[in-house]
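Subject: Handover of a structure and its findings

Dear colleague,

Please find below the structure that I am handing over to you. I would be grateful if you could read the notes that follow with the model open beside them.

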Amino acid sequence: MTLTKADLVQQVYKKHPSLTKAQATDSVEAFLAISKASLISGEDLLLSGFGKFNVKDKKARRGRNPQTGDELTLAARRVVTFKPSGILRAKINQG
Amino acid sequence: MNKSELIEALAEKINVPIREAASITNTIIDTMSDALAKGESIEIRGFGSFVVKEYGSYTGRNPKTGEKIQVAPKKLPFFKVGKDLREKVDQNRKK
């Protein structure tokens with residue numbers, strides 16, 4: 001089973017009777033848009049109880065094509081990493 | 001950005017009271033945590049996906065003392081950033 005955006009909308013709609021289906025959709029979209037905007041601007045995103053999304057700058061480095069063994073240069077890049085919170089880790093490991 | 005800043009931005013964006021935005025944010029985060037706790041994966045287009053990886057028990061060492069210890073089996077959530085977000089984060093690298 002995979003949780004998708006539609007499932008999040010459904011759950012928000014169910015738990016918040018004051019919202020219409022369209023408003024539930026908007027709220028999930030807005031939540032994601034704000035989260036993305038934070039990371040795109042280079043700012044980390046900390047969702048306490050869930051985890052932290054970090055924006056990290058990686059330096060250029062020499063790598064290899066694992067298929068051919070050819071050496072190549074990997075350009076500098078900026079990436080997003082995720083570190084789960086202790087609460088989330090405990091929740092996943094219980095039972 | 002932390003959770004309370006995200007809640008404020010959400011309240012403003014969808015025009016609801018802070019309390020309502022906080023409640024919606026918690027619903028979204030709890031829904032994702034619950035899915036991972038059940039071992040399900042999450043797939044949000046444009047943002048990224050989460051999968052739970054299972055590790056068996058192994059013999060590790062305390063790096064400080066060199067002492068052998070048995071590490072219990074565990075599950076950990078992994079995040080893979082989506083294509084759209086990955087590209088946008090990288091584009092903003094040197095600005």
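Predicted model: local features only at pLDDT ≥ 70, side-chain atom pairs only at ≥ 80, totals over all residues.

Residues are numbered from 1 along each chain as its sequence is written, chains are lettered from A and ligands numbered from 1 in the order in which they are written, and side-chain values use heavy atoms, with hydrogens and water left out.

**Cavity and pocket**

Rolling a probe the size of a water molecule over the atoms shows where empty space is left. On a 1 Å grid over the protein atoms alone, a cavity is a set of points where a 1.4 Å probe fits but cannot get out; a pocket is an open set with protein on both sides within 12 Å along at least five of seven lines, and lining residues have an atom within 4 Å of a point. Grid points are joined across faces, edges and corners, and a volume is the space filled by probe spheres set on the points.

A search of the whole structure gives 1 cavity of 30 Å³ or more. The largest cavity holds about 60 Å³ of space. Its lining includes A:Leu8, A:Phe31, A:Leu32 and A:Ser35 from chain A, and B:Ile28, B:Met32 and B:Phe47 from chain B. Two or more lining residues come from each of α2 (21–40) of chain A and α2 (18–37) of chain B, with α2(A) giving the largest share, 3 residues. Helices (H or I, at least four residues) and strands (E, at least two) are DSSP runs, numbered from the N terminus. By class, this lining has 11 nonpolar, 1 polar and no charged residues. Here Ala, Val, Leu, Ile, Met, Phe, Trp, Tyr, Cys and Pro count as nonpolar, Asp, Glu, Lys and Arg as charged, and the others, Gly among them, as polar.

The largest pocket has a volume of about 190 Å³. Of its 13 lining residues, A:Leu3, A:Gln11, B:Thr31, B:Asp34 and B:Lys38 are the closest to its centre. At least two lining residues each are supplied by β1 (2–4) and α1 (5–15) of chain A and by α2 of chain B; the largest share, 5 residues, belongs to α2(B). The pocket lining has 3 nonpolar, 4 polar and 6 charged residues.

**Salt bridges**

Side chains of opposite charge can pair when their charged atoms come close. A salt bridge is a side-chain nitrogen of Lys or Arg within 4 Å of a carboxyl oxygen of Asp or Glu, and the structure holds 12 of them over all chains.

In one of these, A:Glu29 pairs with A:Lys5, with the closest N and O atoms 3.3 Å apart. Because A:Glu29 lies in helix α2 of chain A and A:Lys5 in helix α1 of chain A, the pair ties together parts that are 24 residues apart in sequence. A:Glu29 is partly exposed, at 36% relative accessibility (buried means under 20% relative accessible area, exposed over 50%, partly exposed in between, with a 1.4 Å probe and protein chains only). A:Lys5 is also partly exposed, at 25%.

A:Arg62 forms a salt bridge with A:Glu71, the closest N and O atoms being 2.5 Å apart. A:Arg62 is exposed, with a relative accessible area of 64%, whereas A:Glu71 is partly exposed at 45%.

In chain B, the side chains of B:Glu87 and B:Lys83 meet in a salt bridge of 3.4 Å, N to O. The two are 4 residues apart in helix α3 (residues 83–91) of chain B, so about one helical turn separates them. Salt bridges that share partners also join A:Lys36, B:Asp84 and B:Lys88 into one network.

**Single residues**

B:Leu6 is placed in helix α1 (residues 3–14) of chain B and is buried, with a relative accessible area of 0%. B:Asn15 sits in the loop between α1 and α2 of chain B. B:Asn15 is exposed, at 69% relative accessible area, and its phi is near 60 degrees, a positive value in a residue other than glycine.

**Surface patch**

B:Val51, B:Tyr55 and B:Phe78 make a nonpolar surface patch of about 230 Å². Patches are made of residues with over 30% relative accessible area and no salt bridge, like charges being joined within 9 Å and nonpolar side chains (Val, Leu, Ile, Met, Phe, Trp, Tyr) within 5 Å. Accessible areas come from the Shrake-Rupley method with a 1.4 Å probe, and for residues only the protein chains shown count as cover. B:Val51 lies in strand β2 (residues 48–55) of chain B and counts as partly exposed, at 37% relative accessibility.

With kind regards
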